[in-house]
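Reader: Could you take me through the helix packing and the charged pairs in this structure?

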Amino acid sequence: MDIAVLIPSDRHVDGVVEMLLDATQNHTRTLSADRLFGWHAALFPTGRSGMYTKTVGNWRNHKKEDPMQVVSGAKGREIVHFVAPEAERLEEEMNRFIHWFNEDQSMDPILKAAIAHLWFVTIHPFDDGNGRIARAIAELQLSRADESAQRFYSMSAQIRKERKGYYEILEHTQKGSMDITDWLNWFLNCLDHALESSNETLSEVLQKARFWELHANTVLNSRQHQMINRLLDGFEGTLTSSKWAKLTKTSPDTALRDITDLLNKKVLVKEVGGGRSTSYGLRVE
């Protein structure tokens, strides 16, 4: 929907959203090279990443003398975190991965999501965007595990929140032995955090819904609506009449009238304690 005044989304964001929607809403569809190419093209619609031209919608084609590396640090003092398999092996490696992902139904579906993410990002088949596509593959498998296209949590968002630990465990696993127990433990803990975060978000949404249902017939002006929503979203610090006046750009007298009106309507209550200024909070039924 085109809505006036809203900031347009970035094309990179659009690409990620398009990819994740396809992964979760169409989780029953078979994963294929062509589908992965489509996701990759959605991430890089111009064929470029910043100033650099990328091979889009196909496997990377680096030569042996110029391998795909994950590097950090200043030029001349680079730290190589990971060296991906040679380009010549990619088709065989990806065929093996895709066949396993589609055909192996013997594994616990949650562990399969963790292994699929690690396996794909270790093959590193694309010039760029491998991490984002690996997260989409994990989301696809988690949707299959849930047997639902409805998403109430986001593993991708949680990995982004915990990205420092993510990169550390990824490097540790890729440079270690074939034992991936530490990676599986990290992935499962991250998934647990994603579910906890989702529960908190849903709790806040339900709290808001219950509040507005309770006050459906309460007459409020625009300033009161604004400040109540701020309180429902988790107002930092204490709410005083002076803060109300500053945030709503009104006079102290108008702010006090707004607050007094909400006290009379049993929307706000005076909070216990405090210093020289009286503070207010939402009335909890």
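Predicted model: local features only at pLDDT ≥ 70, side-chain atom pairs only at ≥ 80, totals over all residues.

Reader: How many helices and strands does the chain have?

Author: The chain has 11 helices and seven strands. Helices (H or I, at least four residues) and strands (E, at least two) are DSSP runs, numbered from the N terminus.

Reader: And what share of the residues is buried?

Author: Of the 285 residues in the chain, 36% are buried. Buried means under 20% relative accessible area, exposed means over 50%, and partly exposed lies in between (1.4 Å probe, protein chains only).

Reader: What share of the contacts comes from residues 24 or more positions apart?

Author: Among contacts in the chain with a separation of 6 or more, 57% come from residues 24 or more positions apart. Contact means heavy atoms within 4.5 Å.

Reader: On to packing: at what angle do α3 and α4 pack?

Author: Helix α3 (residues 90–103) and helix α4 (residues 109–123) pack at about 170°, and their axes are 11 Å apart. Axes are lines fitted to C-alpha atoms, for helices over the stretch in contact, and angles run from 0 to 180 degrees between N-to-C directions. The two helices α3 and α4 are therefore roughly antiparallel, a term for angles over 145 degrees.

Reader: Which residues make that contact?

Author: From α3 they are Leu90, Glu93, Met94, Arg96, Phe97, Trp100 and Phe101, and from α4 Lys112, Ile115, Ala116, Trp119, Phe120 and Ile123. The contact of α3 with α4 comprises 10 nonpolar residues, no polar ones and three charged ones. Here Ala, Val, Leu, Ile, Met, Phe, Trp, Tyr, Cys and Pro count as nonpolar, Asp, Glu, Lys and Arg as charged, and the others, Gly among them, as polar.

Reader: How does α4 pack with α8?

Author: Helix α8 spans residues 181–214, and α4 packs with α8 at an angle of about 115°, with axes 10 Å apart. Ile110, Leu111, Ala113, Ala114, Ile115, His117 and Leu118 of α4 meet Trp183, Leu184, Phe187, Leu188 and Leu191 of α8. This contact of α4 with α8 has 11 nonpolar residues, one polar and no charged.

Reader: Changing topic, how many salt bridges are there?

Author: The whole structure contains 14 salt bridges, each a side-chain nitrogen of Lys or Arg within 4 Å of a carboxyl oxygen of Asp or Glu.

Reader: Which residues does Arg96 pair with?

Author: Arg96 forms a salt bridge with Glu92 at 3.0 Å, N to O, and another with Glu93, where the closest N and O atoms are 3.3 Å apart. Glu92 and Arg96 lie four residues apart in α3, about one turn of the helix. Glu86, Arg89, Glu92, Glu93 and Arg96 are linked in a network of salt bridges.

Reader: Is Glu93 buried or exposed?

Author: Glu93 is buried, at 13% relative accessible area. Glu92 is partly exposed at 49%, and Arg96 is partly exposed at 39%.

Reader: And where do Glu168 and Lys164 lie?

Author: Both are in helix α7 (residues 163–174), four residues apart. Glu168 is partly exposed at 46%, whereas Lys164 is exposed at 62%.

Note on methods
Residues numbered from 1 in each chain as written. Heavy atoms only, no water. Parallel < 35°, antiparallel > 145°, perpendicular 65-115°, else oblique.
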